[in-house]
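Dear colleague,

I am handing over the structure below, and after it you will find my notes on what was found in it. Please read them with the structure open beside you.

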Number of protein chains: 2
Amino acid sequence: MTYLAPKIWVSVDCLVFGYDTNASELKVLLFKREVEPFLGEWSLIGGFVEEEENLENAAVRILDNFTGLSNVFLEQLQVFGNVNRDPAGRVVSVLYWSLIKIHDLKKDKAKIHGARWFSLSELPDLILDHKEMVNLGRQELITDAKLKPIGFELLPQEFTLPQLKQLYDTIYGGSVDDRNFRKQILKTELLIKLDKKDKSSSRKGAFLYKFDSEKYKQLSKEGYHLDLKI
Amino acid sequence: MTYLAPKIWVSVDCLVFGYDTNASELKVLLFKREVEPFLGEWSLIGGFVEEEENLENAAVRILDNFTGLSNVFLEQLQVFGNVNRDPAGRVVSVLYWSLIKIHDLKKDKAKIHGARWFSLSELPDLILDHKEMVNLGRQELITDAKLKPIGFELLPQEFTLPQLKQLYDTIYGGSVDDRNFRKQILKTELLIKLDKKDKSSSRKGAFLYKFDSEKYKQLSKEGYHLDLKI
DNA sequence: ACAAAAGTGTTGACCGTACACCCATGT
DNA sequence: ACATGGGTGTACGGTCAACACTTTTGT
């Protein structure tokens, strides 16, 4: 049994964000394209979907190939399917986005494919419509950071409140009032305060916290929705 | 130039919602599938993407084919791409959703393809993963109705506040306080009150309003976001 | 005059926001 | 002792949520 319809190449591109806590900068993982056309130019990590491979699995495979990571935040964003988006042929590309802890990146895997981080402020030219994809992801980040606990995907397992605030400041490009930010974030009761301090950036040291993902899952089931007023 | 990768069928399915103001019911447009497999079973309207056709254009074409409508609300929702979602072969389907005014449907066009409305409460069995698609759309409706002026896509050009409230009640499956609803919706200043009344449902008659889409576009550019507390 | 739906205001509770000083520590 | 970043509380104004009666008009 078969359909009378044209077949099309389907690819998956994966927009990977990381956050450099030291520089307070959002970064995107790019790699040097290994095939013609655009050989050697900067591109989102990506690849074609195999015959016997779910889209989701393709995204997982690609992410693992370039970062060595699995079980991280990875969601479908949008499909790009204009006829002429790729001059080499008709390719429909499914864009996924991923948020990872920047230090978890397996550097050997990244190196093999010439992948490296770029600050959002210093993005090189990207092939095809990949710039558009990055912009879409930035927008999504802005929208979602208030509504879902995605910030914690970008920070180390254990983080300080100043770090968390810095991250939100970076995403929203403005400075939030310190006291109000703490009130907002602690009010959710989704942070577990640890008995340790991080002294790497001050003499006093800042308490470390971790995100209570179990509690969040539980609350989500009961209809709870995060809604930070930042 | 060509890629060494498998090619895949790409289809577009289009989830069309309408709102029956009389019965206060949300409806979905379904049609009897015209090809094997699943010939004669109920399905979302859809079709394959042509070789030289943008995804968006395919959605527009399909919607026009079945409804005779263009220039209506039509947005991409998600891609469904599991290997075995269609037993007849590997098909990746891009789901679009559309909101239309139920009486604008061109009945002759719909009839040609055996398309008709179904209440959400009386959906028949659907082929493949189309039930999942409907559920995704319902969820999207719930999320978006507070944040975007999509309700007006479902109502006639001119509508009354009681009708609008009924619609929101239907979407959220609960009854909103009448006075608070009016306050919320009028506070936006996006409704234009007309000098006419609709007397079809009461002796007193309810004032007709229309949505000020120009003003909304303008405000959107300036960063305004609708945020109804329903 | 009455039935049936449309329309209208007020109050209390809570929440968001603005704002400035003390604390802990390593050097 | 001092410099550096971490941490804390309060008061005001606005917004959401709860609540019941009057208005209009066709019959």
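Phe207(B) approaches DNA strand C through its backbone, where an N or O atom lies 3.0 Å from a phosphate oxygen. For such pairs, a polar contact is a pair of N or O atoms within 3.5 Å; within protein, one must be able to donate a hydrogen and the other to accept it, and residues adjacent in sequence count only if both atoms are side-chain atoms.

Before going further, please note that residues are numbered from 1 along each chain as its sequence is written, and that chains are lettered from A and ligands numbered from 1 in the order in which they are written. Because this is a predicted model, local features need pLDDT of at least 70 and side-chain atom pairs count only at pLDDT 80 or more, while totals for chains, interfaces and linings use all residues; side-chain values use heavy atoms, with hydrogens and water left out.

DNA strand C is surrounded by 20 residues, the closest being Asn180(A), Lys187(A), Arg182(B), Lys183(B) and Phe207(B), where a residue is near a strand if one of its heavy atoms lies within 4 Å of it. Of the atoms of DNA strand C within 4 Å of the protein, 48% belong to sugar or phosphate, and the rest belong to bases. Helix H6 (178-187) of chain A, helix H6 (178-187) of chain B and strand S9 (206-211) of chain B each supply at least two residues of this surface, and H6(A) gives the largest share, 5 residues. Helices (H or I, at least four residues) and strands (E, at least two) are DSSP runs, numbered from the N terminus. By class, the surface near DNA strand C has 3 nonpolar, 5 polar and 12 charged residues, with Ala, Val, Leu, Ile, Met, Phe, Trp, Tyr, Cys and Pro counted as nonpolar, Asp, Glu, Lys and Arg as charged, and the others, Gly among them, as polar.

An N or O atom in the side chain of Lys183(A) is 2.7 Å from a base oxygen of DNA strand D, whereas the side chain of Lys187(B) has an N or O atom 3.0 Å from a phosphate oxygen of DNA strand D. H6(B) gives the most to the surface near DNA strand D, with 5 residues, and by class that surface has 3 nonpolar, 5 polar and 14 charged residues.

The two protein chains also meet each other: 33 residues of chain B are in contact (heavy atoms within 4.5 Å) with 33 residues of chain A. Together they bury about 3200 Å², 61% of it on carbon and sulfur atoms, buried area being the accessible area (1.4 Å probe) that two parts lose on being put together, summed over both. Tyr3(B), Lys7(B) and Trp9(B) supply 25% of the area that chain B buries against chain A, more than any other three residues.

With kind regards
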